[in-house]
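Keep the picture open while you read.

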Amino acid sequence: MTLLPEIVIFIFAVIFLFLSLGEKKTNLFAAARLLALIGFVITLLSTGARGELFSGAYRVDFFSQVFKLLIVTGLLLVVFMMERRDDVEDDYLPEYFMLLGFSTLGLMMLVSAVELISIVVSLEISSFSLYAIVPLRKSQSRIQMEAAVKYLFFGAIATGIMLYGMGYLYGMAHSTFLADIMVSLPRFLNQPLGIMAVSLTLVAFFFKLSLFPLHFWAPDIYEGASNVTTAFIATVPKLAATALLIRLAMLSASVPTELAMLLFVLAAFSMTLGNIVGLVQKDLKRLLAYSGIAHAGYLMMGIMPLSRDGGAAAVYYMTIYLFMNLSCFYVIILLAQKGENLSVENLAGLARRSPLLAFTLALAAFSLAGIPPSGGFTGKLFLFVSAFKAGYLGIVLIGAVNAVISMFYYLNLVRMSYSREAAAGQGIIQLAFHEKVLCYVFNILILYLGILPFGVLDILRRAV
Amino acid sequence: MMSPYLTMNHLGFPILSAVTFLPLAGAMVILLLRQERTIKIAALAATLLTFLVALVLLANYNPATPLFQFGEALPWIPAYNINYVLGVDGITVMLVLLTALIAPLCVLCSWTAIALRVKEFMVCILLMETAMIGVFCSLDFLLFYVFWEAMLIPMYLLIAVWGGPLKDYASIKFFIYTLFGSVFLLVAIIALYLVNGTFSIPAAMFKNYGFNFQFWVFLAFAIAFAIKVPMFPFHTWLPAAHTEAPTAGSVFLASILLKMGTYGFLRFCLPIVPQASFYFAPYMITLSVIGIIYGGFVCLSQTDMKKLIAYSSVAHMGFVTLGIFSFNLYGFEGAMLQMLNHGITTGALFLMVGIVYERTHSREIYDNAGLSKIAPIYVGFFGLFSVSSFAFPGTNSFVGELYVLIGAFARNRLAGFGAIVGAVLAAAYMLRLLKQIAWGRVERPALKDMNVREIIYLLPLGIFVIWVGFFPRPFVGIMETTLANLYTQLKHLAP
C-alpha cells in the first residue's frame, strides 16, 4: 500500500468530520493524539514505499516519504502541544482537528505530486483548510477574522500568480508532467519567458515560506491566529513548500545563473528585512513571524546552488527549523494561560517561574540565532558551505552579518526570562508530566541535530 | 583524517577527551543533585579532577618535538569531512593547564559570594571549562568553532544572571560584539575548507595560498581575534563585561577568554596566512602599542578597581600581540609567557577585588582604602600581584615583558620605545591603586581579613608569580620547540 500514510491521515480528518456532526464531544484530545500517533507510526513504517500512481502524476519515492514523515511529525507535535487552554472554541474542536487533518493531507500529497494539476489540487486542499482554521480562535477581539480574510485573499492571489506561471510552463512543454517540462525547459531558460515561467510558478511556494516579497501576510496572520494554529502554519506548510522548491529547482539545474540570481536577491532582502524589522517587535508571535521571514532567506542558500548538497542542507535546515520553532511556540502556548497573545515583556522572570520553560525557550532562541552546539548552527553551517561552494560568497557574508543582527532580538528573549524579575502576582508555573516530557523532547532533538547530525544528514542526502 | 603533524595518543586512555569533557560530566552530575553544599563540593571535585588529568598530561608531554601530541581522531560528519580531532602542542598544553588551574579557583571564590541559583552557576562554570579546554585542544576547525561559540552561552548567562547592576547592557554587548567577530571567522573557515577539502587545522598550515586569499582570510581571522583579545579599537566590550561579571566570570574572562584571541593569532594567522600576517604586522604592532599606552592612560583615571584591572588587561594584551607580530623567537616566547602571566596575575587581581567586594559591597578604590592595618594578609597578597602586574623584576611578568621588549626592539625601535612608555604607565597606575588600598584614608571600622579558603585559592597563583619570576626555564622549555618550529617555518614562507 503505497498510499497508506495519506489514507491514515485522511481517516484522521474524516473521523473528526463525523465527530463534528454529533452532539457528544468528549476525549477529543485523546482521540486526536492517538490518531496522530498512529499516522506517525504508519508513515515511519512506509518510508520504504516506492511507486507511481495515477499515470505518473503521483510519485512515491524516498524523497516524498521523508517529507511526509517530517510533515506528520509536525502534525503529531502540534496535536500534542495543543491543550485545553482556551485557545480554540470548544464547540469547534472537532472541526479544528478535521481541518488540521485535511491540511496535513494536502501537504503530504503535495510532496508526492510531480504533475502541475496535482500540485495545484494538493496545494489548495491544504491552503483552504488553513484559511478556515485561522478564524477558529476563542474570541480575543476580532483580529482573528481580519487575519483569516487577509490570509485568504493573499493566498488566493499567490495561487493565481502560480497558475499564470504554470500556464507558461505548459505552453513551453506541452505537458503538465514535471518530467516532460524538465526535458524542454532548458531550451527556454536562457530566455525571459523561461525565467518568468519558473519564477511565477515558485510564487505560491515563496508565499507559503513567507519569503520576501511575499512575506507581508505573515506578521498579521501569526498575530491573529491562535497560538496553536500559528505553530502549525509557521512550520508544517513550509516543509512541503521546501520540498516543491527543491523539486522545481532541480528542473532548472542545467542553466542556473538567472534563476539563482533571482533567489540570491530575494534571499538577501528576506534575511535583512526580516531581521531588521524583527528588532523592533514587541509581540512574540510577530517577532517569530519576522524571524520566519529571515529564515526563509537562509533557506534559499540551500536552494540557490541547485545542487543535491544544497537540497540536503535545505531539508536539514527545515527539519531543525520545525523543532526549534515548535519549541518556541510550545513555550508561548504553555505561558499564555488564556490563549492570549504574549509580548516580550511577559517573559520577564520566566527563569524564576519555570526554569524548564526558560531553558527550552533559550535553547530554541540560540538555535534560531545559530549558536553551536544547537541544531540551528549545524543547519546554517551546511547552508553556508553549500552556497559558498557554488560561488555565492556574497550571500554567505550577508547571512553572517544577519546572524549577528538577529542575535539582538533572540538574545532579548533570553535576557527577559533570565535577567528580569517577574511582575508582581506572577507565580511559579506548574507543568504537568507530559508537558515536561515534551519540553525535554524538543531540547534533546535540537541538541541531537546540532551535535550528532550525521545520521539524519545521510538519510536526507540519500533522499534528495 | 590522519595527518603527519599529529602523533597519536599512547597513554591507553583518551586523555584529551577526558580533560575536555570531565567538567561536562561534572555538570551532568550536578544537575541531579539538590543540596547546595554537595553541589559546590561536586563542582570543586570535578574541576580538581580535571586539573589532575591536566597535570598527567603535562607530565607525559614530550617537549622535544614540535608535533601535536596525544592525538585522537574520529570521524564526526563524514559527508563534509568534518572530524573529531584533538591534540596539543607546546602552545596549547600550557593553556590547557592554565584553564584547568583557574577553574577550581573560580569554584572556590564563588563559595559564599554566590547565594542565588548555585546549581545553575556551577553548571555554567563547568560548561565554560569544557568549552575553553575544547577550544585549545581542537585540531579541526569546525570542532574549534563549536567550542569557541558554545562558550558564549554560559559566559553570557554568568554575566546576565549573576552580574552587577549594569548586567543587561554588559552581557548583551559582550555577546553581540564577540559574535560579530566570530561569524567572519566562520566564513574564513569555510573558505579554507573549500580550498583544502578538509576542516583539519594542521592540514591548513604552512601552505602557500595566493596572497589575495591570504589577505582576506587574515582580515576575517583578525576581526574575530582582535575583538577577543581585545585590541585597541575593539576593546569597548571588555570593561563593561569585566566590571559587571561576577568574580568567577571576570577571572574566566581575563585569564582564559582573552588568551583565545592571542592563541588564535599564534595558531591560525601566523601559520595559515603567513604572508598576510607579515604584511599586516606593522598595523598590528601599531595597534598593540596604541593599546598599551592608551590602556595605561585610561587606568590612571579609574576609581573602580575592576575597571582599572580591566583596562590594564587591554595594555597587557597589547604586549602579547606586540610579541606575536614582532616575528622573532623572543617575541613569540615572550608573548606565550605573557599570556600565562596575564592569566595568573590578572586572574588573581580579580579574585582580590572579589574578596574585598564580598565584605564591603563596593568596587570603588576609596571605599576599600587603608587596609594594611586591618587586613595585612590581604594587602600582602595584593602587593605581590600588583607589583607582578607592572612587571617588577623578580615576578613573572618581568620575564615575559623582557622577552617581548627584546623582540620588539629587534623588530622596530619605535615600537619598543612605545611599549617601554606603557610599562612605566603600568607602574604608575598599579602603584597608585596599591597605595590607596594599603595606606589610603581609613573610613571603615572593621573588616575581616582573608580566611583559609581564600588563602588556599590565592596561594598557588602567588607561588607561580614568584616561581616564573626567578626560574622561568621549565615553562619556556615546554613551549620552546613548538615556537622555534613555528619561527623556522615562517622564515621560509614570509620574506
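Predicted model: local features only at pLDDT ≥ 70, side-chain atom pairs only at ≥ 80, totals over all residues.

Let's start with helix H13 of chain B, residues 305–324. Its 20 residues stretch 29 Å from first C-alpha to last, close to the 28 Å expected at 1.5 Å a residue (the expected span is 1.5 Å times one less than the number of residues). Helices here are DSSP runs of H or I with at least four residues, strands are runs of E with at least two, and both are numbered from the N terminus. H13(B) is mostly covered, with 20 of its 20 residues buried. A residue is called buried if 20 or more other C-beta atoms, placed from the backbone, lie within 10 Å of its own, exposed if 12 or fewer do, and partly exposed in between.

Residues are numbered from 1 along each chain as its sequence is written, with chains lettered from A and ligands numbered from 1 in the order in which they are written.

## Chain B as a whole

Chain B has 19 helices and three strands. Its C-alpha atoms fill a box of roughly 65 × 55 × 40 Å along the principal axes.

Take the contacts in chain B between residues at least 6 apart in sequence: 81% of them join residues at least 24 apart. (A contact means C-beta atoms, placed from the backbone, within 7 Å.)

## A hairpin in chain B

Strand E2 (residues 68–77) and strand E3 of chain B pair in the antiparallel sense over six bridges; pairing takes at least two DSSP bridges. B:Pro75 has B:Asn83 in E3(B) as its bridge partner. Four residues lie between the strands, and in this hairpin B:Asn81 takes a positive phi near 55°. E3(B) covers residues 82–88, and six of its seven residues are buried.

## Where the chains meet

How many residues does each chain bring to the contact? Chain B brings 27 and chain A brings 24. On the chain B side, helices H5 (141–150), H6 (152–162) and H7 (167–196) each supply at least two residues, and H7(B) gives the most, with 14. That side divides into 24 nonpolar, no polar and three charged residues. Nonpolar here covers Ala, Val, Leu, Ile, Met, Phe, Trp, Tyr, Cys and Pro; charged covers Asp, Glu, Lys and Arg; the others, Gly among them, are polar.

## The core and one phenylalanine

The largest nonpolar core has 388 residues, and A:Met81, B:Val96, B:Ile125 and B:Phe221 touch the most other members. Such a core is a set of buried Ala, Val, Leu, Ile, Met, Phe, Trp, Tyr and Cys residues joined through C-beta atoms within 7 Å.

Over in chain A, A:Phe63 sits in helix H3, residues 62–81. Why is A:Phe63 counted as buried? Because it has 20 C-beta neighbours inside 10 Å.

Key
Contact = placed C-beta atoms within 7 Å.
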